[in-house]
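Dear colleague,

I am passing on the structure below, together with an account of what was found in it. Please read the notes alongside the coordinates.

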Amino acid sequence: MWQQVLQSVRSYDTPQRNVIAASCALGGGGLLVFWLLSRRRMKTLEMGDGWWGSGDRPLKDKDGEEVRPFQVKASEKEIQDLYQRLDKARYTPPLEGSNFNYGFNSIYLQKVISYWRNQYDWQKQVKILNQYPHFKTTIEGIEVHFIHVKPSHNYLGQTARPLMMVHGWPGSFYEFYKIIPLLTDPAGHGDSVVFEVICPSIPGYGFSEAPHKQGFDSVAAARIFHKLMQRLGFQEYYLQGGDWGSRITTHMAQMLPKSVKGLHINMVFLRNIGFGGLLDLLLGSYVPWLVGLTREDSRRLFPYFEKHVYNILRETGYMHIQATKPDTAGCGLNNDPVGLAAYILEKFSTWTDLAFRNMDNGGLERKYSLDELLTNVMIYWVTSSIVPSMRFYKENLPSGPKALPYDRADTYVPTGIAAFPNELLHIPRSWAKKQFKNIITYTYMPSGGHFAAFEEPELLAQDIKKFVRKLEHL
């Protein structure tokens with residue numbers, strides 16, 4: 001084929017050949033420039049600014065600095081409307097022996113809905129939600145909801161460290177309710193490291209107002225959460241996150257590294273694994289030590305096609321829908337509490353442990369109570385936030401091959417990584433350090449999956465404290 005191409009070029013006269021040569025040089029040079037620009041590293045991510053309120057941004061910013069107390073409330077009208085919708089549910093019988101391999105098993109779903117309708121007490125759960133102080137404040141034109149929990153006691157010689165914890169999808173601030181006392185009351189749990197914890201709701205999730213404009217992505221969320229911490233009077237603080245929370249807090253660390261004392265994440269977003277990663281995949285299952293992998297890395301990674309490629313294909317269909325046409329699927333979920341529960345709770349099954357797909361009840365009650373699971377669903381239901389929460393995927397989907405700003409920014413703040421064994425993707429330390437340049441701790445967690453704070457609060461709290469102790473040389 002190449003001989004035919006060369007012969008075709010030789011057939012042109014000299015001016016034509018010069019044009020072809022110049023075109024090739026220009027094209028090759030353009031590709032080289034694009035490659036160099038895409039590889040250019042950035043020390044920090046530009047903070048920028050935004051307006052997500054309805055209508056045009058006012059000439060004078062009306063955000064103000066006011067932080068208003070807020071309480072979750074339950075109304076009888078809301079509860080009766082829910083009951084009426086639950087009573088009208090229709091179910092399709094599952095295939096024999098399918099368990100959770102086709103999604104949420106409808107036989108078990110009927111048991112969940114029966115519990116929701118007849119035993120679940122939303123008013124009682126609202127009291128539990130309100131056990132921690134809730135607040136709202138307006139930032140960039142939208143109301144941002146958060147809980148702010150300070151230590152209940154003064155500990156001699158101890159200063160509470162500000163810690164922002166950010167949830168993901170389909171979770172909420174409620175995921176952190178079991179870990180908060182482990183972090184804010186160390187004496188009661190045999191420890192001396194104390195935090196005051198701030199858990200915001202991502203705009204569009206739960207009790208935070210949904211953006212009214214297109215383009216609200218993880219960088220915008222990071223900027224808003226920095227503004228929130230500054231409004232609360234914090235100059236330096238720790239960050240923790242999983243799922244979208246991991247990406248948002250990573251952007252926060254890239255954006256204002258001087259404000260972030262440390263970043264702790266339980267899910268790693270990587271741009272790519274590069275040539276070295278491909279080499280790891282080729283040799284890692286045979287000689288892991290040769291390519292910088294540990295035996296545990298090898299156990300979690302391989303067989304790679306089965307554990308990562310095939311499983312990811314099975315578990316990410318939702319992502320394609322939400323990253324392309326979220327409103328289409330979302331309108332049905334927002335109208336039907338049964339569909340909403342199935343859609344959300346199926347993730348709490350398989351993302352906790354993929355082996356739960358082979359159980360007729362999805363293993364849901366092995367790790368969580370139905371009250372806990374349904375309270376998270378109720379937060380989406382009463383706020384009608386499933387659609388804007390799904391839109392967050394579309395806003396974070398690149399619109400073309402051009403490298404996004406944060407793809408060129410590495411993370412230099414001290415970082416702790418908790419690698420849970422049942423997380424959907426395992427990222428070895430040798431891969432993570434290509435993007436996170438100052439890893440202080442990297443822990444192979446003994447158990448747990450995607451919803452770390454919700455499923456394994458004790459383990460996650462211990463790892464956060466281990467990270468802080470090592471960083472502060474305690």
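N311 lies in helix α11, residues 304-315, where helices (H or I, at least four residues) and strands (E, at least two) are DSSP runs numbered from the N terminus. This is a predicted model, in which local features need pLDDT of at least 70 and side-chain atom pairs count only at pLDDT 80 or more, while totals for chains, interfaces and linings use all residues. Residues are numbered from 1 along each chain as its sequence is written, and side-chain values use heavy atoms, with hydrogens and water left out.

With a relative accessibility of 12%, N311 counts as buried; the term means under 20% relative accessible area, against over 50% for exposed and partly exposed in between, with a 1.4 Å probe and protein chains only. Setting aside neighbours within four places in sequence, N311 is in contact (heavy atoms within 4.5 Å) with E306, L354 and R357. The side chains of N311 and R357 are also joined by a polar contact of 3.1 Å, that is, a pair of N or O atoms within 3.5 Å, of which, within protein, one must be able to donate a hydrogen and the other to accept it, residues adjacent in sequence counting only if both atoms are side-chain atoms.

**The sheet**

The protein has 20 helices and 9 strands. An open sheet of mixed pairing is formed by 9 strands in the order β1-β2-β3-β5-β4-β6-β7-β8-β9, two strands being paired if DSSP finds at least two bridges between them. At its edges stand β1 (67-70) and β9 (439-444), each with a single partner strand, so one side of each is left without a neighbour in the sheet. Direction ignored, neighbouring strands of this sheet are turned by 25° against each other on average; axes here are lines fitted to C-alpha atoms, for helices over the stretch in contact, and angles run from 0 to 180 degrees between N-to-C directions.

Strands β2 and β3 run antiparallel and are joined by 6 bridges, with T137 opposite V144 in β3. They form a hairpin with 2 residues between them, and E140 in the turn has a positive phi of about 55°. On to β5, strand β3 pairs in the antiparallel sense over 4 bridges, and F146 has P200 in β5 as its bridge partner. Because 7 of its 8 residues are buried, β3 is largely enclosed by the rest of the structure. Elsewhere, β7 (residues 260-265) and β8 (residues 415-419) pair in the parallel sense over 3 bridges, and H264 stands opposite G416 in β8.

**Helix α20**

Helix α20 (residues 457-472) lies across β4, β5, β6, β7, β8 and β9, and runs at about 145° to β7. Its 16 residues reach 22 Å from the first C-alpha to the last, close to the 22 Å expected at 1.5 Å a residue, the expected span being 1.5 Å times one less than the number of residues. Among the buried residues of α20 are L460, I464, F467 and L471. Just after α20, H473 takes a positive phi of about 55°.

**The whole protein**

Of the 474 residues, 51% count as buried. Residues 24 or more positions apart account for 79% of the contacts with a separation of 6 or more.

Best regards
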